[in-house]
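Open the model in your viewer and keep the selection panel at hand. The stops below are taken one after another.

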Amino acid sequence: MASAHLPSAASTVDTDDCLVDASTAPTTPDGSLTFSPVLEALKLRDALEGATAGRGTSIQDTSLDGAMYPSRCEIRNVCCVGAGYVGGPTAAMIALQNPHLRVTVVDRDPSRIRQWKSKHLPIHEPGLQHIIRITRDGSKALSFFNEPARFDSFDSVSSASSATSECESQCGELRDEIYISSRSPNLFFSTEVSKTLSQADIVFIAVNTPTKKRGMGAGRATDMTALEAVSREIAIHAKPGAIIVEKSTVPCRTAEMIQNTFKAHRPNINFEILSNPEFLAEGSAMTDLLYPDRVIIGCSPTPSGHHAAASLASIYASWVPRPKIITMNTWSSELSKLAANAMLAQRISSINSISAICEATGADIDEIAQSIGLDPRIGDKFLKAGVGFGGSCFKKDILSLTYLAEGLGLPEVAEYWTQVLNVNDWQRSRFARKVVRCMNGTLVGKKLSILGYAFKKNTSDTRESPALECIKILLEDAPGEIAIFDPCCEPAKIKEEIKRWIGSAALRELGGPIEVYNDAYQACSNSHAVVIMTECDEFRNYPSSKSPKLFPSRKTERPIVVDPRPFARLEPTESELLALHGYLSPALDIKDPLLRFEEEPACDDSCAMCAEKKGKLESVRSGKENQNERLDWVRIAYHLQRPKWVFDGRGVLDIAEMEKLGVRVEAIGKVGWGGR
Ligand SMILES: NC(=O)C1=CN([C@@H]2O[C@H](COP(=O)(O)OP(=O)(O)OC[C@H]3O[C@@H](n4cnc5c(N)ncnc54)[C@H](O)[C@@H]3O)[C@@H](O)[C@H]2O)C=CC1
Ligand SMILES: O=C(O)[C@H]1O[C@H](OP(=O)(O)OP(=O)(O)OC[C@H]2O[C@@H](n3ccc(=O)[nH]c3=O)[C@H](O)[C@@H]2O)[C@H](O)[C@@H](O)[C@@H]1O
């Protein structure tokens with residue numbers, strides 16, 4: 001076995017990690033709409049009434065007990081349908097942690113599959129590239145000593161080998177050496193949907209489930225077009241006994257719809273449908289997958305349902321502690337996903353509603369959040385006031401919940417959750433209107449700079465971006481220029497979005513006011529007001545936890561900084577190797593400190609992404625662009641028009657520091673500059 005010892009800090013610095021991959025466009029299907037959540041909701045009510053009357057399926061406690069339901073070992077081939085933000089990262093984590101499984105991600109979108117197979121992944125998630133390279137490309141064997149590195153000298157890592165031989169020869173002391181064997185690729189991407197389905201022992205459905213755009217329930221019900229189409233395809237092609245897993249977020253009782261589809265196509269074969277909702281958040285997807293708070297598995301309360309759940313649990317048990325893998329009835333599992341997102345969004349609307357009171361009274365929203373967050377019954381997460389939540393899921397999942405509630409004859413429930421969305425919209429327009437008001441009620445001839453276009457930091461996803469909605473409101477006042485900059489989004493992608501949602505005429509190249517920059521200083525130069533729309537660490541003007549490069553955690557938002565060696569066993573798990581990588585990579589500023597990577601797939605000379613990356617690298621080298629670095633607010637403030645305005649929609653600025661630069665700051669949940 002070839003052995004690769006750890007390199008020294010002086011090894012080549014690969015800056016690729018700092019570069020942003022292009023994101024994928026939203027994939028809301030526009031096809032026919034065949035699923036009626038109203039009817040399904042009514043059926044659900046009937047079924048539940050039936051259950052209480054003793055006619056329906058009884059709901060049992062299905063807690064998973066390894067002894068009762070021993071893990072099945074037959075699973076070899078895994079198929080994941082949908083190569084998006086959920087399907088790609090989830091499949092990659094499953095493949096990493098289960099080298100014995102062959103995991104294939106299929107998608108009907110050939111360009112997305114092409115990107116997954118290339119070195120330009122379609123989504124930007126910290127840590128994703130690393131895992132894809134090991135699982136998709138295979139990895140080399142390596143060996144290293146099971147000793148923590150000294151903090152004062154990163155050389156100790158690379159000199160382990162020579163130090164050891166010296167030590168071994170001088171004191172005869174033997175050191176523990178760890179050998180990691182090479183891995184063959186076990187993650188594949190393909191457009192051959194039916195063929196892959198026919199070979200799979202377990203199929204994850206991770207297609208998009210957006211809000212319906214037309215027809216019955218338009219603007220509220222879940223559009224089941226993609227999910228229904230995939231269910232049909234699986235029903236036709238799946239091998240007998242294959243386990244079907246709903247990964248997508250779906251209305252409660254969807255598993256029944258899938259089961260009915262199977263019954264129509266394969267009436268004589270039993271297929272188990274499991275619900276296994278995903279709780280990852282974008283920007284921290286890999287950490288969330290690596291250390292999930294819980295894995296929920298919903299199954300039917302039958303022996304074969306439990307058996308299927310045990311099989312799925314055994315895949316997760318490769319890296320998730322058993323107590324975190326919880327089984328329940330299918331409907332609870334489906335509904336718990338909608339409920340979780342609704343509760344999270346509700347917290348944001350709650351704190352945002354209080355922020356308006358703060359602005360009017362002189363109370364400070366950050367102090368309030370700190371104060372109430374100390375109550376363990378409330379907790380301190382998800383209490384950051386701002387311009388409101390964006391993203392592809394909170395809004396559509398609450399709409400889905402309200403639609404479900406209404407269909408069940410529960411208008412008060414629907415109204416309660418609708419209010420969470422109303423407050424969110426109100427907060428955003430309240431902020432945009434304040435910008436206009438502070439600019440004396442007129443934007444004519446003025447330049448406004450928007451910092452942050454994605455729906456949150458560390459992602460290039462722009463779905464339901466609060467920035468877009470804010471820009472629409474500002475445009476009504478005919479500004480001279482709206483200059484946009486986002487550290488994670490490609491300008492071309494933002495322009496596409498503007499064309500799609502506002503119209504091409506709004507772009508500067510066609511005579512409109514909107515221009516997108518790849519440099520924050522150019523975007524802010526000569527501006528009348530800077531408007532911060534995402535909580536990017538780059539925009540902060542005070543020290544906070546350093547922006548994590550790899551595996552930021554939902555709990556601590558800090559990179560893993562502790563050397564996990566010595567490992568308890570000389571066969572570390574992939575999670576332990578990830579922890580070692582997470583420690584070494586930022587410390588040494590090397591992308592592959594363990595020397596595991598095989599060659600990446602090559603692109604041809606005409607690859608536009610390579611050209612773009614090369615251009616970026618050159619600008620980084622020439623100092624024109626410093627990705628992931630804090631903005632120099634002194635420089636920005638110097639070049640602002642007077643009076644110098646900054647509107648902080650995400651609470652990332654220390655206002656007193658900004659005021660020292662002669663800037664007037666308006667922030668969410670703080671008293672305005674005139675009142676300070
Ligand atoms: N984005 C997120 O952070 C999270 C999303 N979810 C849920 O996961 C599901 C997927 O979401 P995303 O990954 O964000 O969506 P996405 O839009 O990024 O990816 C969905 C993929 O499914 C593919 N697809 C659609 N119909 C298909 C078909 N008939 N055959 C093959 N492929 C097909 C699309 O081409 C697309 O690549 C949704 O239900 C969402 O609510 C759950 C947790 C987190
Ligand atoms: O179902 C989903 O799609 C996912 O939705 C959210 O994840 P995500 O939308 O990726 O991102 P969040 O971190 O939840 O942020 C959502 C929005 O709320 C905003 N936010 C978040 C937290 C906060 O305190 N304040 C606040 O305004 C963010 O800026 C962002 O616009 C949930 O956090 C995930 O658990 C869930 O799996």
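This is a predicted model: local features need pLDDT of at least 70, side-chain atom pairs count only at pLDDT 80 or more; totals for chains, interfaces and linings use all residues.

A281 sits in the loop between β8 (273-275) and α10 (285-290).

An unreviewed UniProt entry gives the feature "binding site" at F279, L280, A281, E282, K337, F382, L383, K384, A385, G386, G390 and K456. These positions span 178 residues in sequence and their farthest two C-alpha atoms are 24.0 Å apart, so they do not all gather at one spot.

From that set, pick G386. Its place is the loop between α13 (365-373) and α14 (394-407). Is G386 buried or exposed? G386 counts as buried because it has 28 C-beta neighbours inside 10 Å. Now show its contacts: beyond the neighbours within four places in sequence, G386 touches E535, G649, R650, G651 and I668.

Move to ligand 1 and display the 27 residues around it. Of these, G82, G84, A226, S248 and T249 come nearest. Colour the shell by class and you will find twelve nonpolar, nine polar and six charged residues. Then highlight helix α8 (residues 225-237), which gives the most to this shell, with three residues.

The last stop is K591, in the loop between α19 (574-588) and α20 (608-621). K591 is partly exposed, as 19 other C-beta atoms lie within 10 Å. Draw a distance from K591 to Q129: their C-alpha atoms are separated by 9.9 Å, although the two are 462 residues apart along the chain.

Notes: Residues are numbered from 1 along each chain as its sequence is written. Chains are lettered from A and ligands numbered from 1 in the order in which they are written. A residue is near a molecule or strand if its C-beta atom, placed from the backbone, lies within 6 Å of it. Helices (H or I, at least four residues) and strands (E, at least two) are DSSP runs, numbered from the N terminus. Ala, Val, Leu, Ile, Met, Phe, Trp, Tyr, Cys and Pro count as nonpolar, Asp, Glu, Lys and Arg as charged, and the others, Gly among them, as polar. A residue is buried if 20 or more other C-beta atoms lie within 10 Å of its own, exposed if 12 or fewer, and partly exposed in between; C-beta atoms are placed from the backbone. UniProt positions are given in the numbering used here, feature names are shortened, and annotations may be inferred rather than shown by experiment. Two residues are in contact if their C-beta atoms, placed from the backbone, lie within 7 Å.
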